[in-house]
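Visitor: I have a new model open and would like to go through it with you. Could we start with a term that we will need for the side chains?

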Amino acid sequence: MKYLVLLYSLMFLSTSTLFSQTSQLVGTGKQPLHVFQHENVVHILTNRIDSKNFGVQDEGDEPAKWFRYNAETKELIDSTTFAWWSYSFPIRVGVDKISHKLYIPMNDAIAEYDLITGQISDSLYLEIPSRSISTNGNTIGIVDKNTAAQTAYKLSKYTSGTFIQQALRCGPNKEYIAFINEGAFGATTNDSYLTILTDNSQVVYALGKGANHIFEYENKLYITMNGSHEIVIFSLTELNIEKKISTQTSGSDGPRESVISKENPTTIYTTT
């Protein structure tokens with residue numbers, strides 16, 4: 001996996017036809033896993049490097065890290081190094097842009113960090129396991145951070161696909177809950193689907209291979225496909241796939257996560 005972030009500048013004609021695509025490389029820590037923008041800062045979370053997979057930090061191993069870059073200049077503002085034992089794979093995080101908080105699953109807890117200072121501020125205990133351990137992993141846990149009330153939603157494998165990756169509330173009036181599944185990576189069953197859930201219905205859309213990340217921007221879902229090497233754009237107003245954009249990657253260097261630039265909405269940051 002490359003230790004870089006690819007910056008794709010996407011420019012569209014009035015017919016929404018892609019006609020220009022350039023890239024810019026920004027160096028990060030090893031194995032960037034998650035990228036998002038808050039105000040004028042791009043945040044990047046990297047993996048814990050455990051070469052022997054024993055859970056013990058050996059020579060050359062590195063703990064997970066959190067880098068913060070200026071979105072305009074691309075210069076490093078600050079970074080946070082997590083304790084070795086705390087985060088081995090900080091990829092599915094929650095971002096509260098109103099309260100300026102970052103939430104990271106840690107074993108059976110959720111750690112709360114301040115997006116401005118980078119300091120930990122609270123921790124919430126989870127009764128619902130934070131990680132699935134089987135190919136039938138299709139349980140979604142919902143926690144109210146104010147009341148600590150917890151609910152588990154069990155979705156059928158048929159409708160949600162194998163290995164649910166991410167869920168978010170979305171839509172013009174936040175009336176939908178969207179799920180993506182990764183599939184059994186490297187196997188013939190690694191087909192990925194987008195599930196749009198409402199109070200009364202559940203509709204499934206075929207995406208391709210290895211869906212890894214999803215986010216919403218202006219009533220559209222942007223889905224990063226690690227196996228298909230593309231970004232799928234889904235319209236929440238028309239409820240259909242609008243277009244697919246190649247990330248120009250191949251093999252094990254497939255795209256992981258993406259985010260829209262606030263300063264330039266025709267720019268997408270994606271990690272690979």
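Guide: A residue is called buried under 20% relative accessible area, exposed over 50%, and partly exposed in between. Please keep in mind throughout that this is a predicted model.

Visitor: What is L76 in contact with, leaving aside its neighbours within four places in sequence?

Guide: With those neighbours set aside, L76 is in contact with F67, R68 and Y69. As for V26, that residue is 50 residues from L76 along the chain, and their C-alpha atoms are separated by 9.9 Å.

Visitor: Let's step back. How many helices and strands are there in the protein?

Guide: The protein has one helix and 22 strands. Of its 272 residues, 47% are buried, and among contacts between residues at least 6 apart in sequence, 39% join residues at least 24 apart.

Visitor: And how many cavities of 30 Å³ or more does a search of the whole structure find?

Guide: The search finds two cavities of that kind, and the largest cavity has a volume of about 70 Å³. Ten residues line the largest cavity, and those closest to its centre are V26, V42, I44, Y69 and Y269. The elements that give two or more residues to this lining are strand 4 (41-46) and strand 5 (65-70).

Visitor: How do the residues of that lining divide into nonpolar, polar and charged?

Guide: The lining of the largest cavity has eight nonpolar residues, one polar residue and one charged residue.

Visitor: Changing topic: which residues of the largest nonpolar core touch the most other members?

Guide: That core has 17 residues, and the ones that touch the most other members are A178, L194, I196, L207, I214, L221 and I223. Two or more residues of this core come from each of strand 13 (164-170), strand 14 (176-181), strand 15 (191-197), strand 16 (202-209), strand 17 (211-217), strand 18 (220-225) and strand 19 (230-235). Another core, of eleven residues, lies apart from it, and among its members are V93, L102, A111 and Y113.

Visitor: Now the histidines. Is H34 buried or exposed, and where is H34 found?

Guide: H34 is found in strand 3, residues 32-38, and is counted as buried because its relative accessibility is 5%, which is under the 20% limit. A polar contact of 2.3 Å joins the side chain of H34 to that of E257.

Visitor: What about H229, where does that one lie?

Guide: H229 lies in the loop between strand 18 and strand 19, and at 14% relative accessibility H229 also counts as buried. The side chains of H229 and T249 are joined by a polar contact of 2.8 Å. Leaving aside neighbours within four places in sequence, H229 is in contact with I245, S246, T247, T249, S250, G251, G254 and P255.

Visitor: I was also checking backbone angles. What is the phi of Q31 near?

Guide: Phi of Q31 is near 50°, which is a positive value in a residue other than glycine. Q31 lies in the loop between strand 2 (18-27) and strand 3, and is partly exposed with a relative accessible area of 23%.

Visitor: And E218, where is its place?

Guide: E218 is in the loop between strand 17 and strand 18, and has a positive phi of about 50° although E218 is not a glycine. E218 counts as exposed because its relative accessible area is 62%, which is over the 50% limit.

Visitor: Last one: what is Y217 in contact with, apart from neighbours within four places in sequence?

Guide: Y217, which is found in strand 17, is in contact with Y222, I260 and P265. Y217 is partly exposed at 23% relative accessibility. Y217 and S235 are 18 residues apart in sequence, and the distance between their C-alpha atoms is 10.0 Å.

Terms used. Residues are numbered from 1 along each chain as its sequence is written. This is a predicted model: local features need pLDDT of at least 70, side-chain atom pairs count only at pLDDT 80 or more; totals for chains, interfaces and linings use all residues. Side-chain values use heavy atoms; hydrogens and water are left out. On a 1 Å grid over the protein atoms alone, a cavity is a set of points where a 1.4 Å probe fits but cannot get out, and a pocket is an open set with protein on both sides within 12 Å along at least five of seven lines; lining residues have an atom within 4 Å of a point. Grid points are joined across faces, edges and corners, and a volume is the space filled by probe spheres set on the points. Helices (H or I, at least four residues) and strands (E, at least two) are DSSP runs, numbered from the N terminus. Ala, Val, Leu, Ile, Met, Phe, Trp, Tyr, Cys and Pro count as nonpolar, Asp, Glu, Lys and Arg as charged, and the others, Gly among them, as polar. A nonpolar core is a set of buried Ala, Val, Leu, Ile, Met, Phe, Trp, Tyr and Cys residues joined through side-chain atoms within 4.5 Å. Buried means under 20% relative accessible area, exposed over 50%, partly exposed in between (1.4 Å probe, protein chains only). A polar contact is a pair of N or O atoms within 3.5 Å; within protein, one must be able to donate a hydrogen and the other to accept it, and residues adjacent in sequence count only if both atoms are side-chain atoms. Contact means heavy atoms within 4.5 Å.
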